[in-house]
Amino acid sequence: SFYGAPWCEDISKLDADVAFVGVPHDQGTPMPGARYAPNVLRDTRSFSYAAGRDENGKPGGYFDIDENRHRLAGVTMADCGNIYNQPGDVDRNFWRITRVMRQIAARRSLFVAFGGDHSITAPIVRGLDQVGRPIDIVHFDAHHDYRDHFQGVRHMNGGPIRRCAEFPWVRNISQFGIHDPGYPREPVDALRARGNVLVSADRFREIGPEAAMALVPESDTMYVTFDIDVMDPSVCPAAATPVPGGRSPPSNGPLQP
């Protein structure tokens, strides 16, 4: 399971601060393979959630040597497994994703969804329609993902943020790290006309992470979506659509722009 967290086999009984869920869908991209990611990530966890408990029996988290303290101490977690994906039936798969997300949101857990290709973002955000307040989106990606369609197909990895923008409960959208705006120009004009924050990879590198994040409007409810191709291919060569010029971590220290 993710971080060795206990399994939750019945979402109606979910009782955890954080709920992990795998979304092994990759029919929105011409480069399949992302469907394997949730299980691979489970096998490469960086710490064991169940390794230690405090005096009250709460999870002990993990010890940060630099900060000299335990992080995630007391935070309860659960792994809700993978959302079943039926090859060839994209619409039904997307509605299945939406239904699961509605269930998790109703349990008031912070969910962490692992794809899967980026087309899963739209059905996930669709599942937040009953939260009861506006949702703001922060989007890290090499691409703007704002195409209305590609050869008539509207549910693919090049357009999930456009689909999210159509939901009435989605308010502010902030997009960072874009370094392959592609063709045509219409999606960029459309997202700017909507008022989205748009910071290219070059601009992010110029102003730095703190100044970039200061551009994000204040929010009570935020959905963060991270497409792995925002990273440089030298770091993530297996990305389905790698684009040179992305972000990369140094050998020591925090992630750099």
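**Strand pairing and cysteines**

Modeller: Methionine 77 of S4 is the bridge partner of valine 18. This is a predicted model, in which local features need pLDDT of at least 70 and side-chain atom pairs count only at pLDDT 80 or more, while totals for chains, interfaces and linings use all residues. Residues are numbered from 1 along each chain as its sequence is written, and side-chain values use heavy atoms, with hydrogens and water left out.

Colleague: How many bridges join S1 to S4?

Modeller: Four, and S1 and S4 (residues 77-82) run parallel. Strands are DSSP runs (E, at least two residues), numbered from the N terminus, and two of them pair if DSSP finds at least two bridges between them.

Colleague: And which residue does valine 18 stand opposite in S5?

Modeller: Leucine 110. S1 and S5 (residues 110-115) pair in the parallel sense over six bridges.

Colleague: Is S1 itself buried or exposed?

Modeller: Six of the six residues of S1 (residues 18-23) are buried, so the strand is largely enclosed by the rest of the structure. Buried means under 20% relative accessible area, exposed over 50%, and partly exposed in between (1.4 Å probe, protein chains only). Val18, Phe20 and Gly22 cover one side, and Ala19, Val21 and Val23 the other.

Colleague: Changing topic, how many disulfides are found?

Modeller: Zero, in a search of the whole structure; a disulfide is a pair of cysteine sulfur atoms within 2.5 Å. For cysteine 8, the nearest cysteine sulfur is that of cysteine 80, 4.5 Å away.

Colleague: What is the relative accessible area of cysteine 8?

Modeller: Cysteine 8 has 13% and is buried. Cysteine 236 also counts as buried, at 16%.
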